[in-house]
Amino acid sequence: MPTLSFDLPDGTTVTTPVTTLLNAGYAGRDQADVAAHVAELAELGVPAPKVTPALYPVAPYLAAQTDEVPAQHGRTSGEAEWALVITAEGVLLTVACDHTDRELEVHGVAWSKNAAPDVLGRKAWRLDDVADRLDSLTLRGWADGQLIQDGTLAELLTPQHWLDVLRERGLYEPGVVLISGTIPMVPGVNQFAGEWRVELGDPATGNTIEAAYRVRRLPEAIG
């Protein structure tokens, strides 16, 4: 069971084990746009979800605060997302990068999300402290230094939506981490990058939370 540690703006640190890790998918607030995206992915061979939005259980040990992500091949990539972390001291909001095996994704989205870690920031905000301006928070992602995602939380289903889902499923408890799903990428970008950085920003305060890592190719297999 991994343990995550977050530095908060008031100078305190909150540490929590991860017992349950969940990745939301197809979680745009405009579900008509989501349906169009599902159709686009289907043309690329990615199977459509049975329902949208989707929620995929991921092995808890894949929740990581790391500077390096190992990869078996060159067709893996990240996604800028926010994350809810339920702790014994309340709900935290941080940034996350859902690294995904794109080769495996065509065989099953849930499989691909269990093939690489979810990288989380080392800082967080208490959800209550930013609850009045969530839609204005910014979410950005860079691949090899190129800005490829740039939006706000207004584009995604709200943290409250997912907290309600967790309560309905009996999963609102310390140790649960939920990753939000992502915003669109700039069309035509090369997302198979060797370095990733994602950032959650609060324009009201100028504060940001980031996670950054490099991708390290594993040695070639024998056999």
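I started at the hairpin of E16 and E17, where four residues lie between the strands and glycine 206 has a positive phi near 80°. A reminder to myself: this is a predicted model.

Next I looked up how these two strands pair. E16 and E17 (residues 207–217) run antiparallel to each other, with eight bridges. One of the bridges I checked joins glutamate 195 to arginine 214 in E17.

Is strand E16 mostly enclosed or open? I found that six of the eight residues of E16 (residues 195–202) are buried, so the strand is largely enclosed by the rest of the structure.

E16 also pairs with E13, again in the antiparallel sense, and I noted six bridges there. Glycine 141 has valine 198 in E16 as its bridge partner.

From E13 I moved on to E14. Strand E13 (residues 138–143) and strand E14 (residues 146–152) are antiparallel partners over six bridges. Threonine 138 is bridged to threonine 152 in E14. The two strands make a hairpin with two residues between them, and aspartate 144 in that turn has a positive phi of about 50°.

Then I turned to rings. Which residue lies over the face of tryptophan 142? My entry reads arginine 197, at 3.8 Å from the ring centre. I found a second case at tyrosine 172, where the charged end of arginine 167 sits over the ring, 4.2 Å from its centre. I also looked for aromatic pairs and came away with zero in the structure.

Helix H5 (residues 159–168) came next. I listed Pro159, Trp162, Leu163, Val165 and Leu166 as buried. Looking down the axis of H5, I saw these buried residues fall within an arc of 155°, so they line one face of the helix. What covers them? The cover includes strand E3 (20–25), strand E4 (54–58), strand E8 (80–87), E9, helix H4 (127–130) and strand E15 (176–179). After H5 comes glycine 170, with a positive phi near 70°.

Threonine 94 belongs to strand E9 (residues 90–98). Is threonine 94 buried or exposed? Its relative accessibility is 0%, and since buried means under 20%, threonine 94 counts as buried. Its side chain reaches the backbone oxygen of lysine 123 at 2.6 Å. Beyond its neighbours within four places in sequence, the contacts I wrote down for threonine 94 include Phe6, Trp82, Leu120, Leu200 and Ile209.

How values were computed. Residues numbered from 1 in each chain as written. Heavy atoms only, no water. Pairing = 2+ DSSP bridges. Buried < 20%, exposed > 50% of the residue type's maximum accessible area, 1.4 Å probe, protein only. Polar contact = N/O pair within 3.5 Å; in protein donor to acceptor, adjacent residues only side chain to side chain. Contact = heavy atoms within 4.5 Å. Arc of directions from axis to C-beta. Phe/Tyr/Trp six-rings, centres within 6.5 Å; stacked < 30°, edge-to-face > 60°. Lys NZ or Arg CZ within 6 Å of the ring centre and 35° of its normal.
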